Structures are given as structure tokens and as C-alpha cells.
Amino acid sequence: MAARTKARKRAADLLFEAEQRDVDALALLADRVAKPVTEAALPQYTADIVEGVMAHLERLDELLETYSNDWTLERMPAVDRALLRVGAWEIFYNPEVPDEVAVDEAVSLAKKLSTDDSPSFINGLLDKLIRIKPSIILG
């Protein structure tokens with residue numbers, strides 16, 4: 001698994017865990033940096049993703065819910081929410097990552113971590129976000 005793929009997975013894991021435990025994702029991130037739970041240090045890109053997602057969470061969630069064809073965020077599997085937030089953050093807020101790479105990475109992780117229907121759902125929603133991206137005003 002490539003370094004950035006591992007970083008994305010760890011970011012999604014942190015976002016998922018924070019939501020499941022109902023704790024602040026930034027506090028959890030700080031705790032994991034201070035007291036790692038694995039031998040491998042937390043990649044900087046993981047921190048960048050978590051910090052970026054949390055900085056723009058309200059706008060990202062608004063976009064995901066608006067363009068998800070009547071699926072509320074609460075109705076989506078929690079893993080999918082985490083992967084969609086990572087992918088959407090990369091699409092809208094990280095110009096270093098090509099949009100197609102953000103989608104491919106999110107879909108690939110969904111194949112390993114979520115339901116059988118999740119990869120196609122995530123692919124469709126993130127592709128839709130790419131198509132409407134030029135018309136979106138970010139905050």
C-alpha cells in the first residue's frame with residue numbers, strides 16, 4: 001500500500017473512530033500523535049487530512065448531503081461518511097491531489113472497508129462533486 005493510501009486510511013479510521021466514540025477528531029488526532037497506538041508514526045498527510053476535514057466539515061457535509069440523491073449523512077454507513085469526507089476534502093481543498101486520484105483512493109478503500117454497495121455509491125457521489133466543482137463557492 002502506497003504511503004498516501006495508508007495516510008488516507010488512517011485519516012478515515014480516525015474520523016470514523018472519533019464519530020463512533022463521540023469525541024473531537026482533532027483531540028483524538030493530537031492524542032494519537034502524542035501516544036501512538038501503532039509502531040508506525042502517524043503520517044503527516046493523515047494529520048493534514050483530519051485537520052482539513054474538520055476545518056471544513058460543515059461545508060463538506062452540506063455538499064455531500066446536497067448531492068447524494070436524497071441520502072442523508074445519517075443514513076450512510078459511518079465508514080462511507082469518513083471516506084466521502086476524505087475524498088471530498090481532497091477534491092475541494094487539496095489541489096496537490098488530482099480529482100480522479102481522490103475518487104479512486106476512496107473507492108479502493110471502500111472496497112476493503114465497507115459494504116458491497118459502498119464503492120459504487122462513493123464513486124457516483126464524488127464524481128458528481130467533481131462535475132459541479134466549477135460552480136461551487138467554497139467557504
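I count Ala, Val, Leu, Ile, Met, Phe, Trp, Tyr, Cys and Pro as nonpolar, Asp, Glu, Lys and Arg as charged, and the others, Gly among them, as polar. The model is predicted, so I took local features at pLDDT of at least 70 and side-chain atom pairs at pLDDT 80 or more, with all residues used in totals for chains, interfaces and linings. Residues are numbered from 1 along each chain as its sequence is written, and side-chain values use heavy atoms, without hydrogens and water.

**Entry 1. The cavity**

Grid points are joined across faces, edges and corners, and a volume is the space filled by probe spheres set on the points.

How many cavities of 30 Å³ or more does the rule give? The count is one. The largest cavity holds about 40 Å³ of space. I listed its lining as Arg8, Ala12, Leu83, Val86, Gly87, Glu90, Ala102, Ala106 and Leu109. Two or more residues of this lining come from each of α1, α5 and α6 (99-113); here helices are DSSP runs (H or I, at least four residues), numbered from the N terminus. The most, four residues, is given by α5. By class, I recorded six nonpolar, one polar and two charged residues in the lining of the largest cavity.

I then looked up Ala102, which lies in helix α6. Is Ala102 buried or exposed? Its relative accessibility is 1%, so Ala102 counts as buried; buried means under 20% relative accessible area, exposed over 50%, and partly exposed in between (1.4 Å probe, protein chains only). Leaving out residues up to four places away in sequence, Ala102 touches Gly87, Glu90, Ile91, Val97 and Leu126, where contact means heavy atoms within 4.5 Å. Ala102 and Leu15 are 87 residues apart in sequence, and their C-alpha atoms are 17 Å apart in space.

**Entry 2. The largest pocket**

I treated a pocket as an open set of grid points with protein on both sides within 12 Å along at least five of seven lines. The largest pocket has about 170 Å³ of space. Its lining consists of Leu15, Ala18, Glu19, Val23, Ala25, Met54, Leu57, Asp61, Leu73, Glu74, Arg81 and Arg85. The elements giving two or more residues to this lining are α1 (3-21), α4 and α5. Which element gives the largest share? That share, three residues, comes from α1. I noted seven nonpolar, no polar and five charged residues in the lining of the largest pocket.

**Entry 3. Helix α4 and its packing**

In helix α4 (residues 57-66), I found Arg59, Leu60, Asp61, Leu63 and Leu64 buried. These buried residues pack against α3 (44-55), α5 (78-93) and α7 (118-132).

On the α4 side the contact is made by Leu57, Arg59, Leu60, Asp61, Leu63 and Leu64, and on the α5 side by Leu84, Arg85, Ala88, Trp89, Phe92 and Tyr93. I classed the residues of this contact as nine nonpolar, no polar and three charged.

**Entry 4. Val79 in α5**

Val79 lies in helix α5. I found it touching Phe16, Leu113 and Ser114, residues up to four places away in sequence not being counted. Val79 and Ala2 are 77 residues apart in sequence and 20 Å apart in space, C-alpha to C-alpha.

**Entry 5. Positive phi in two loops**

Asp22 is not a glycine, yet I read a positive phi of about 55° for it. Asp22 is in the loop between α1 and α2 (25-34), and counts as exposed because its relative accessibility is 72%.

Asn69, also a residue other than glycine, has a positive phi near 55°. Asn69 is placed in the loop between α4 and α5. Its relative accessibility of 56% is why Asn69 counts as exposed.

**Entry 6. Ala27**

Ala27 is in helix α2. I recorded Ala27 as partly exposed, at a relative accessible area of 46%. Ala27 and Arg131 are 104 residues apart in sequence and, C-alpha to C-alpha, 34 Å apart in space.

Note on methods:
1 Å grid on protein atoms, 1.4 Å probe; cavity = no way out; pocket = protein on both sides within 12 Å on 5 of 7 lines; lining within 4 Å.
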